[in-house]
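Student: I want to learn how to read packing and ring features in a model. Where do we start?

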Amino acid sequence: MDDMMTLAMMAALLLALGAFAGVLAGLLGVGGGIILVPAFFYVFSALGFDSPELMQICLGTSLATIIVTSLRSVAAHSKKDAVAWPILRGWGIGIAIGATVGVLVATSLRSEVLQAIFGVLVIVVGVYMTLARDSWCLGPEMPRGVLRAVLSPLIGFLSVLMGIGGGSFGVPTMTLFGVPIHRAVATAAGFGVIIAVPSVIGFLLVDVAVAPPFTVGAVNFMAFGLVVAMTMITAPWGAALAHKMDAKRLKRIFGVFLLLIAFNMLRKALG
């Protein structure tokens, strides 16, 4: 009976989480991972599944959802000819290498260390979202050569340590180098696929001692299924709502929200 109650509570919380993440993704154009990772952490901890590998489960499960949502997004953007395929081809190998290294690092660290890393990186993203201006520019075109060889694996590496797709680091990078925002968002969805696929394969091979039901390696398939189903339903609601609201103001509010999440994660990590 207790097991059934735990499963029912877990399902209800995950459905609510998926609905919320979907609305935010549609409303703000951000990937759900930056919300899903801390939310998974709080849900699984509250249900008694806390362990030294809990953050690995949160990262792996979040990245699994990104495979589905990013593929869907790329397909939709491709029909509108919005994806910059030359950028995707030129940066893809480096991003995949960085993501693979990210999995190796993430699976070797304790949950508390990953919490601290997540918190610091979310602060960086939150500050950028709060302060960024459309006029900011580092160059007229995407970097090549050495700079691309450094930045592309860095995007993949940092994204895996946060359990996110290509949006949080890929979109700012592209817009700072002259790529129009709609093209950057569409192309970053492709970054998400390149980041998530090798990462999830790696997380499926992780040995986790204490895990929620329906977990394989460090990927929880119950959370994956329920969250993906709900985000598919609610993301269009958020997109419709976005057209009725001030996008810049919303992004700044969301940036502050991210900072609160980050500081709470750091507080928990530091004990």
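Tutor: With burial. Phe-40 counts as buried because its relative accessibility is 0%; buried means under 20% relative accessible area, exposed over 50%, partly exposed in between (1.4 Å probe, protein chains only). Phe-44 is also at 0%, so it counts as buried.

Student: What should I know about the model itself?

Tutor: It is predicted: local features need pLDDT of at least 70, side-chain atom pairs count only at pLDDT 80 or more, and totals for chains, interfaces and linings use all residues. Residues are numbered from 1 along each chain as its sequence is written, and side-chain values use heavy atoms, with hydrogens and water left out.

Student: How many aromatic pairs does the structure hold?

Tutor: A pair of aromatic rings is described by the distance of the centres and the angle of the planes. The structure holds four aromatic pairs. Rings of Phe, Tyr and Trp (its six-membered ring) pair if their centres lie within 6.5 Å; planes under 30 degrees apart count as stacked, over 60 as edge-to-face and the rest as tilted. Phe-40 and Phe-44 are stacked, at 5.9 Å centre to centre and 15° between the planes.

Student: Where do Phe-40 and Phe-44 lie?

Tutor: Both are in helix 2, four residues apart, about one turn of the helix. Helices (H or I, at least four residues) are DSSP runs, numbered from the N terminus.

Student: Why is the pair of Phe-221 and Phe-224 edge-to-face?

Tutor: Their planes stand at 75°, with ring centres 6.2 Å apart, so the pair is edge-to-face. Both lie in helix 9 (residues 221-242), three residues apart. Phe-221 is partly exposed, at 39% relative accessible area.

Methods: Helix = DSSP H or I, 4+ residues; strand = E, 2+ residues; numbered from the N terminus.
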